[in-house]
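Let's take a friendly walk through a protein chain. Keep the picture in view as you read, and try to find each part as it comes up.

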Amino acid sequence: MAVPREFQSKQRRLIMIVSLSVASLLLLGLTQQPGLPIVPEALTAVKESVQQTFLPKPPRVGLQIGHLNPEEQPDELASLRINTGGYAFGINEVDVNKTTAYMLKDMLEFEGVEVDILPATIPPNYHADLVIALHSDSSPDVTRRGYKSAHFRYPRNKWEDELKADIDKSYFFFSGLPDDDENVSGSMLEYYAFNRARYKHAVSRSTPAIIVEMGYISNEKDRAFLSDPVNPAYALKRGILTYLAERGRYTPKE
Ligand SMILES: [Zn+2]
């Protein structure tokens, strides 16, 4: 069926008006200073999805050392200032998280990936290709062992499921640790550092983020595995690189 010429030109004009409006909205969103109250929620969402679509090179990964410097938490997270992490058999959880994070940073930088080491307090709306929060577990039951991870209770963006799947697969394969998924806790599923709806000091909604519990320092076998930071760092590194490669952000060296 032929469309009248007049209708066609009206349609073209409409398309042009809509595209111009979208473009100016995007521009407005990108040039706004973060935190200004005149930015409507919808514009923030557009800005965040643009941020994740046009990531700069090289890829950037945020590694949070669980429980590092909790006393520096801002007022909105004041209740976490005493959250110093687990302790078992002379080992502080935060030390395991820290040595693993720095080992993983070295490994990723060798692959051309930029790494930010983050303490317990996340810079407001922190943005990167991905964020991993590093924790290790402890339990009065010394037979309890294994690895588990979680993204926010409802994935905050379309990449979090994929990130979790890649990291889990790699960690199980290279660590040989059992699956401790049945002990994923509420504080993992609503991890404060990913709770952008509630806190300013949290990872941006468009940045895929997961928390990992790398094993139990209270369990003899897990403790042996965690005692050399190369072990957990390598298992995580392989998962991170797989994810980045799937997103077209990393090409393996020959
Ligand atoms: Zn922890």
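In this predicted model, 5 strands form an open sheet in the order 4-1-5-7-6, with mixed pairing. Strand 4 and strand 6 (148-150) are the edge strands, and each of them pairs on one side only. On average, neighbouring strands of the sheet are turned by 20 degrees against each other, if direction is ignored.

What holds strands together in a sheet? Strands pair through backbone hydrogen bonds, in either a parallel or an antiparallel way. Here, strand 1 (residues 60-65) pairs with strand 4 in the parallel sense, over 5 bridges. To find this pair in the picture, look for Leu63, which stands opposite Ile117 in strand 4.

Now step back along the sequence to helix 3. The table collects its length and span.

| Item | Value |
|---|---|
| Residues in helix 3 | 18 residues |

Which residues of helix 3 are buried? They are Glu93, Val94, Val96, Asn97, Thr100, Ala101, Leu104 and Leu108. These residues cover an arc of only 150 degrees around the axis, which puts them on the same side of helix 3.

Is Glu111 buried, exposed or partly exposed? Glu111 has 16 other C-beta atoms within 10 Å; a buried residue would need 20 or more and an exposed one 12 or fewer, so Glu111 counts as partly exposed. Glu111 and Pro252 are 141 residues apart in sequence, yet their C-alpha atoms are 8.2 Å apart in space. Helix 3 is also followed by Gly112, which has a positive phi, near 85 degrees.

Finally, look at the whole chain. The chain has 7 helices and 7 strands, and along the sequence they follow the pattern α-α-β-β-β-α-β-β-β-α-α-β-α-α. Of the 254 residues in the chain, 40% are buried. Among contacts between residues at least 6 apart in sequence, 79% join residues at least 24 apart.

Terms used: Residues are numbered from 1 along each chain as its sequence is written. This is a predicted model: local features need pLDDT of at least 70, side-chain atom pairs count only at pLDDT 80 or more; totals for chains, interfaces and linings use all residues. Two strands pair if DSSP finds at least two bridges between them. Helices (H or I, at least four residues) and strands (E, at least two) are DSSP runs, numbered from the N terminus. Axes are lines fitted to C-alpha atoms, for helices over the stretch in contact, and angles run from 0 to 180 degrees between N-to-C directions. The expected span of a helix is 1.5 Å times one less than its number of residues. The arc is that of the directions from the helix axis to the C-beta atoms. Two residues are in contact if their C-beta atoms, placed from the backbone, lie within 7 Å.
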